[in-house]
Amino acid sequence: MAKRPQVPTLPPKEALILELLVQEKEMYGLQLVAVSRRRLKRGTVYVTLGRMEEKGYILSRLEPAPPDAGGLPRRVYEATAFGRRVLKAWTHIAQQLVPELVR
């Protein structure tokens, strides 16, 4: 039996994260929580980001801590070209199927 190609999925939290990363270029996890206006939670954002990185929707890198603030390095996330295409296709499909729900 032939294996069917994997169709990318985009749950609402992942779509929101991609939208924010496309708008802002790159952000760290707690920034995403802050700008999402309570739609993302501290307890789940990093799990979601990890899942999205496994899917190839985003990339991350460690950024050194600001010298004046000290502390640990931060992981900064950005959307990949594939993630941008998935978001664009998903948004287009949603507009065609349920135009009144798309922002």
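## Starting with Thr-48

Where is the place of Thr-48? Thr-48 sits in helix H3. Keep in mind that this is a predicted model, so what follows describes a prediction.

Is Thr-48 buried or exposed? Its relative accessible area is 6%, and the cut-off for buried is under 20%, so Thr-48 counts as buried. Setting aside residues up to four places away in sequence, Thr-48 touches Lys-13, Glu-14 and Ile-17.

## The chain as a whole

Let's step back for a moment. The protein chain has four helices and three strands, and reading from the N terminus the order is α-β-α-α-β-β-α. Of the 103 residues in the chain, 27% are buried.

How about contacts along the sequence? Take the contacts between residues at least 6 apart in sequence: 54% of them join residues at least 24 apart.

## Where H1 meets H3

Now for the two helices, H1 (residues 12–24) and H3 (residues 42–55). Their axes come within 10 Å and cross at roughly 80 degrees. Angles of 65 to 115 degrees count as roughly perpendicular, and H1 and H3 are therefore roughly perpendicular to each other.

Which residues make this contact? On the H1 side you'll find Lys-13, Glu-14, Ile-17 and Leu-18. H3 brings Thr-44, Val-45, Thr-48, Leu-49, Arg-51, Met-52 and Lys-55. Sorted by type, the residues of this contact are five nonpolar, two polar and four charged.

Ile-17 is worth a look from its own side. Leaving out neighbours within four places in sequence, Ile-17 is in contact with Leu-32, Leu-40, Val-45, Thr-48, Leu-49 and Met-52.

Conventions
Residues numbered from 1 in each chain as written. Predicted model: local features only at pLDDT ≥ 70, side-chain atom pairs only at ≥ 80, totals over all residues. Heavy atoms only, no water. Buried < 20%, exposed > 50% of the residue type's maximum accessible area, 1.4 Å probe, protein only. Contact = heavy atoms within 4.5 Å. Axes fitted to C-alpha atoms, helices over the stretch in contact; angles between N-to-C directions. Parallel < 35°, antiparallel > 145°, perpendicular 65-115°, else oblique. Nonpolar A, V, L, I, M, F, W, Y, C, P; charged D, E, K, R; others polar.
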